[in-house]
Amino acid sequence: MTMDLAPGHDEETRLAALAVLAQQVRELMDAVVLTEADEDEVTSVTAELVALTERLNDARRERPLMPEFAPDGTFRHLGNAVTGACNPHALPLVIEHTPEGSQADLEFRPTHEGPPNSVHGGVSAMILDHLLGHAVATSGRAGMTGTLTIRYRQPVPYGRPVVGTAATTRAEGRKTWADGTISLPDGTPLVEATGLFITPSLWVEAASD
Ligand SMILES: CCCCCCCCCCCC(=O)SCCNC(=O)CCNC(=O)[C@H](O)C(C)(C)COP(=O)(O)OP(=O)(O)OC[C@H]1O[C@@H](n2cnc3c(N)ncnc32)[C@H](O)[C@@H]1OP(=O)(O)O
């Protein structure tokens, strides 16, 4: 089904409503991993969710929302798995561009559990991948991750504020390197990352056309 909107429909209002839905689904996911409801209640809730899923699928897109510029000119990617306000998988990460690079205040959720009481290492890596990629992109040298090396120094807690930072370290041709960390608010490093980002040859060719 196509997603053409009726004339006069306010797409920004619809997207805002979708972001609220995505946040509710995040809370639903936490409720699922934390519930101790009995089998009958779980089965009943599942039936309601099946019905809700069918209602949303009545107007299903072929793919998630694409990167775009919002009406106020800011870049956004509402369907992104890390930053997308309309993607329940995303925290969503809100990244600030600082003089040092990229920074985000974040709080993981019970849904992100890996080892008991701490965040799954792959989730931390995903966040750092994106933060490093953001620092690289805002340096004007956007690229795809070629390699990502992670050092896990201490378990990352969920349900508590932590801070993510990233900055580029050097560049050579189409390659840009960046470092980043997830730390406690007092600066204690929990996870460190270094990555190589490569501007795809296809992007360079497209830009010169
Ligand atoms: C505000 C905005 C916010 C926007 C913020 C957005 C942030 C997004 C952050 C998320 C980023 C991701 O997760 S991206 C998703 C994960 N990554 C991917 O899917 C990438 C998949 N791989 C590819 O698409 C491709 O292999 C590329 C683009 C990496 C390279 O392809 P290519 O362009 O054809 O490059 P190629 O000519 O082969 O190689 C160029 C040079 O790089 C080297 N090289 C190539 N690949 C690699 C590699 N993986 N690791 C090391 N080195 C490599 C080659 O040896 C060569 O070195 P030399 O001989 O010149 O020395």
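Two residues are in contact here if their C-beta atoms, placed from the backbone, lie within 7 Å. Among contacts in this chain between residues at least 6 apart in sequence, 60% join residues at least 24 apart. The structure is a predicted model, in which local features need pLDDT of at least 70 and side-chain atom pairs count only at pLDDT 80 or more, while totals for chains, interfaces and linings use all residues. Residues are numbered from 1 along each chain as its sequence is written.

**Whole chain**

Start with everything selected. The C-alpha atoms fill a box of roughly 60 × 50 × 25 Å, taken along the principal axes. Colour by secondary structure: the chain has four helices and eight strands. Helices (H or I, at least four residues) and strands (E, at least two) are DSSP runs, numbered from the N terminus. From that end on, the elements run α-α-β-β-β-β-α-β-β-β-β-α.

Of the 209 residues, 24% count as buried. A residue is buried if 20 or more other C-beta atoms lie within 10 Å of its own, exposed if 12 or fewer, and partly exposed in between, with C-beta atoms placed from the backbone.

**The sheet**

Next select β3 to β8. These six strands form an open sheet in the order β3-β4-β6-β7-β8-β5, with antiparallel pairing. Two strands pair if DSSP finds at least two bridges between them. At the edges stand β3 (96-98) and β5, each with a single partner strand, so one side of each is left without a neighbour in the sheet. Direction ignored, neighbouring strands are turned by 20 degrees against each other on average; the axes behind such angles are lines fitted to C-alpha atoms, for helices over the stretch in contact, and angles run from 0 to 180 degrees between N-to-C directions.

- Glu96 stands opposite Gln103 in β4.
- β4 to β6: this antiparallel pair has five bridges. Select Ala104 and find Gly164 opposite in β6.
- β6 to β7: nine bridges join β6 (residues 162-172) to β7 (residues 175-183), again antiparallel. Thr165 has Thr181 in β7 as its bridge partner, and Ala171 stands opposite Thr176 in β7. The two strands form a hairpin with two residues between them, and Gly173 in the turn has a positive phi of about 60 degrees.
- β7 to β8: nine bridges link β7 to β8 (residues 189-198) in the antiparallel sense. The bridge partner of Trp177 in β8 is Leu196. Five residues lie between the strands of this hairpin, where Gly187 takes a positive phi near 100 degrees.

**Helix α3**

Now select residues 121-138, which are α3. This helix has 18 residues and reaches 26 Å from its first C-alpha to its last, close to the 26 Å expected at 1.5 Å a residue. The expected span is 1.5 Å times one less than the number of residues. Gly140 follows the helix with a positive phi, near 90 degrees.

Show the side chains of the buried residues of α3, including Ile127, Leu128, Leu131, Leu132 and Val136. The buried residues of this helix pack against β4 (101-106), β5 (144-152), β6, β7 and β8.

With 19 C-beta neighbours inside 10 Å, Val123 counts as partly exposed. Not counting residues up to four places away in sequence, Val123 touches Phe108, His112 and Gly114.

**The nonpolar core**

A nonpolar core is a set of buried Ala, Val, Leu, Ile, Met, Phe, Trp, Tyr and Cys residues joined through C-beta atoms within 7 Å. The largest has 25 residues, and those with the most contacts inside it are Leu131 and Leu132. The elements that give two or more residues to this core are α3, β6, β7 and β8. Helix α3 gives the most, with six residues.

Centre the view on Leu132. Leaving aside its neighbours within four places in sequence, Leu132 is in contact with Ala166, Ala178, Gly180, Ala193 and Gly195.

**The annotated span**

Finally, select residues 118-175. UniProt places the feature "domain: Thioesterase" there, in an unreviewed entry. UniProt positions are given in the numbering used here, feature names are shortened, and annotations may be inferred rather than shown by experiment. The span is 31% helix and 36% strand, and its end C-alpha atoms lie 33 Å apart.
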